[in-house]
Amino acid sequence: MIAEEVYDLIPDDLFIRADELVPGSSVFLKIEGLNPAGSVKLKTAVALVAEAENTGRPFPATRLIESTSGNLGVALAMVCAAKGYALTCVTDPNANAQSVRLMEALGAEVVVIDVRDGNGGYLQSRINYIHERLRRERNTYWLNQYANPAGPRAHRERTGRALVEALGPVDYAFIGAGTTGTLMGCAAYLRDHSPATRVIAVDSLGSVSFGGPAARRHIPGLGTSRRPEILDEKLVDDVVLVPEDEAVEMCRRFAGQRGLLLGGSTGTVLAAVRKAAPDIPPGSVVAALSPDFGERYLETLYDDVWVAERWPHLLDPETEMDQARA
């Protein structure tokens with residue numbers, strides 16, 4: 001494959017088996033991290049920037065701005081660098097240090113907002129900052145992944161389609177819910193082309209996206225402290241909420257047992273598959289989406305000190321032996 005631009009290098013047909021999560025069934029983990037931006041968010045970034053270009057605003061005179069927990073910011077910085085566009089990424093203290101450094105290395109301005117919002121997170125505070133910048137700077141344009149239909153459309157046309165083309169009709173599809181663009185796009189495609197598929201939204205415990213109570217969270221990616229406008233719960237059959245310690249345990253287990261260094265969002269999705277396994281009939285075909293890999297989490301999920309400060313039970317030797325036997 002020879003591409004014209006770095007953001008065109010998006011393989012969409014990579015899966016790995018994880019049947020051990022649902023004994024008696026076939027589990028396919030769709031790998032989204034093997035592109036230059038390192039996550040599924042590269043598809044979103046390409047679509048959001050293209051949508052901005054279609055507004056008729058002058059480029060490169062226009063500065064783009066977006067709220068991000070990390071991966072989208074890296075992807076946007078890559079796309080904007082290739083196109084010669086100015087970009088501001090608004091993030092918070094939960095963002096991985098490596099993601100912040102990557103955004104900056106790719107030429108983006110990075111603003112870290114450390115004021116919590118009313119739900120204990122940072123999302124509304126980040127958005128408030130964006131509105132303030134928009135009032136001050138007439139040449140700044142907000143991509144707004146939380147309400148922009150270009151994001152779900154990209155995943156309907158690419159990610160959802162790739163699932164069905166590779167696996168055929170699937171019985172269950174487990175998809176993480178952050179801004180819900182990937183979830184909504186995949187769900188829309190599955191409704192039309194694999195209508196019997198049960199679409200399972202995976203969210204972090206403490207996220208408010210599906211109406212649950214807000215709680216403090218430590219891992220960027222899935223979950224929000226503000227309901228995304230693009231979320232349409234009618235496209236979802238079920239929601240599985242995963243405590244963050246279960247996501248961390250799953251990431252560390254796959255690293256040690258499968259050689260897969262997974263990101264926090266992927267660990268959350270796989271923990272949801274394991275949680276739902278008793279209710280999945282034998283012989284089912286299960287698809288799960290892996291948004292990213294774990295290199296950006298080496299100083300958090302894979303750091304014993306960081307984990308011990310938050311979930312010391314995960315490092316207890318007896319707990320580890322029990323998990324190894326499970």
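**Exercise 1. Determine how many residues line the largest cavity, and which lie nearest its centre.**

Solution. The largest cavity of this predicted model is lined by 45 residues. Ser69, Pro220, Gly221, Leu222 and Gly223 are the lining residues nearest its centre. A cavity is, on a 1 Å grid over the protein atoms alone, a set of points where a 1.4 Å probe fits but cannot get out, and lining residues have an atom within 4 Å of a point. Next, the volume of the largest cavity is about 590 Å³, a volume being the space filled by probe spheres set on the points, with grid points joined across faces, edges and corners. By this rule there are two cavities of 30 Å³ or more.

The conventions are as follows: residues are numbered from 1 along each chain as its sequence is written, and side-chain values use heavy atoms, with hydrogens and water left out. Because the model is predicted, local features need pLDDT of at least 70 and side-chain atom pairs count only at pLDDT 80 or more, whereas totals for chains, interfaces and linings use all residues.

**Exercise 2. State which helices and strands supply at least two residues each to the lining of the largest cavity.**

Solution. The elements are α2, α4 (123–136), β7 and α6. Of the lining, α6 gives the most, with three residues. Helices (H or I, at least four residues) and strands (E, at least two) are DSSP runs, numbered from the N terminus.

**Exercise 3. Describe the largest pocket: what is its volume, and which residues are closest to its centre?**

Solution. The volume of the largest pocket is about 250 Å³. Its lining comprises 21 residues, and Pro93, Asn94, Ala95, Thr300 and Trp306 are the closest to the centre. A pocket is an open set with protein on both sides within 12 Å along at least five of seven lines. Both α3 and α9 (304–310) supply at least two lining residues, and the largest share, three residues, comes from α3.

**Exercise 4. Carry out the analysis for β4: which strands pair with it?**

Solution. On the β3 side, five bridges join β3 to β4, and the two run parallel. Ser67 has Val90 of β4 as its bridge partner. The chain passes from β3 through α2 to β4 in a right-handed β-α-β crossover. On the β5 side (residues 109–112), four bridges join the strands, again running parallel, and Thr91 stands opposite Val112 in β5. The unit of β4, helix α3 (residues 97–105) and β5 is right-handed. Five of the six residues of β4 are buried, so this strand is largely enclosed by the rest of the structure.

**Exercise 5. Identify the aromatic pairs: how many are there?**

Solution. Rings of Phe, Tyr and Trp (its six-membered ring) pair if their centres lie within 6.5 Å; planes under 30 degrees apart count as stacked, over 60 as edge-to-face and the rest as tilted. The count comes to two aromatic pairs. Phe59 and Tyr85 form a tilted pair, 4.6 Å centre to centre with 35° between the planes. Phe59 lies in the loop between α1 (41–53) and β3 (63–67), and Tyr85 in the loop between α2 (71–83) and β4 (86–91), 26 residues apart. Phe59 is partly exposed at 22% relative accessible area, whereas Tyr85 is buried at 17%. Trp306 and Trp311 form an edge-to-face pair, 5.7 Å centre to centre with 65° between the planes. Trp306 is buried at 12%, and Trp311 is buried at 11%.

Technical notes:
Buried means under 20% relative accessible area, exposed over 50%, partly exposed in between (1.4 Å probe, protein chains only). Two strands pair if DSSP finds at least two bridges between them. A crossover is right-handed if, with the strands pointing away from the viewer, the path from the first strand over the helix to the second runs clockwise.
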